[in-house]
Amino acid sequence: MAFQFKGHEWEELARCWEIAEDSEIVKQFIMYNLGSNGFNNKQIRYDIEQFLHALIKEERKLGDNYHVYEAFLKLSDSSLAKWITNNLSELWT
């Protein structure tokens, strides 16, 4: 069964990937899986997208910031990885 994201906290990504719930470890995991042509493991991109979809769903209930997260879905793998690793510990806590 696929991991069910709720979009409440970034630690969900760690749980999905079965790694430590530590922002630095999640950042390293994401960057380790990023190659020169995008994610080496496409499941990483898919999981991040599923997390963002869950976050968008929650944001629609709370306000209008969901448009920002929808835009992130359009980023290249490299840009998405850089954005999420730069902002991970600042968001969704």
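At what angle do helix 3 and helix 5 pack, and how far apart are their axes? Helix 3 (residues 42–62) and helix 5 (residues 77–87) pack at an angle of about 60 degrees, with axes 11 Å apart. That makes helix 3 oblique to helix 5.

Before going further, a word on the model. It is a predicted one, where local features need pLDDT of at least 70 and side-chain atom pairs count only at pLDDT 80 or more, while totals for chains, interfaces and linings use all residues. Residues are numbered from 1 along each chain as its sequence is written, and side-chain values use heavy atoms, with hydrogens and water left out.

Helices (H or I, at least four residues) and strands (E, at least two) are DSSP runs, numbered from the N terminus. Axes are lines fitted to C-alpha atoms, for helices over the stretch in contact, and angles run from 0 to 180 degrees between N-to-C directions. Angles under 35 degrees count as roughly parallel, over 145 as roughly antiparallel, 65 to 115 as roughly perpendicular and the rest as oblique.

**Helix 5 and its partners**

In helix 5, the residues D77, L80, A81, W83, I84 and T85 are buried (under 20% relative accessible area; exposed is over 50%, partly exposed in between, with a 1.4 Å probe and protein chains only). These buried residues pack against helix 1 (11–17), helix 2 (23–32), strand 1 (34–35), strand 2 (38–39), helix 3 and helix 4 (66–72).

Where helix 3 meets helix 5, K42, R45, I48 and L52 are in contact with D77, L80 and I84 (heavy atoms within 4.5 Å). By class, this contact of helix 3 with helix 5 has four nonpolar, no polar and three charged residues (Ala, Val, Leu, Ile, Met, Phe, Trp, Tyr, Cys and Pro count as nonpolar, Asp, Glu, Lys and Arg as charged, and the others, Gly among them, as polar).

Helix 2 is another partner: its axis and that of helix 5 come within 9 Å and cross at roughly 170 degrees. Helix 2 and helix 5 are therefore roughly antiparallel to each other. Here K27, I30 and M31 of helix 2 meet A81, I84 and T85 of helix 5.

**Two residues of helix 5**

D77 belongs to helix 5, and its side chain makes a polar contact with the side chain of K42 (3.5 Å). Such a contact is a pair of N or O atoms within 3.5 Å; within protein, one must be able to donate a hydrogen and the other to accept it, and residues adjacent in sequence count only if both atoms are side-chain atoms. Leaving aside residues up to four places away in sequence, D77 touches L34, G38, F39, K42 and R45.

A81 also sits in helix 5. With residues up to four places away in sequence not counted, A81 touches I30, M31, L34 and F39. A81 and M31 are 50 residues apart in sequence, yet their C-alpha atoms are 6.8 Å apart in space.

| Residue | Relative accessible area | Class |
|---|---|---|
| D77 | 14% | buried |
| A81 | 0% | buried |
| K57 | 55% | exposed |
| E18 | 73% | exposed |

E18 has a positive phi of about 55 degrees although it is not a glycine. As for K57, its C-alpha atom is separated by 22 Å from that of S79, which is 22 residues away along the chain.
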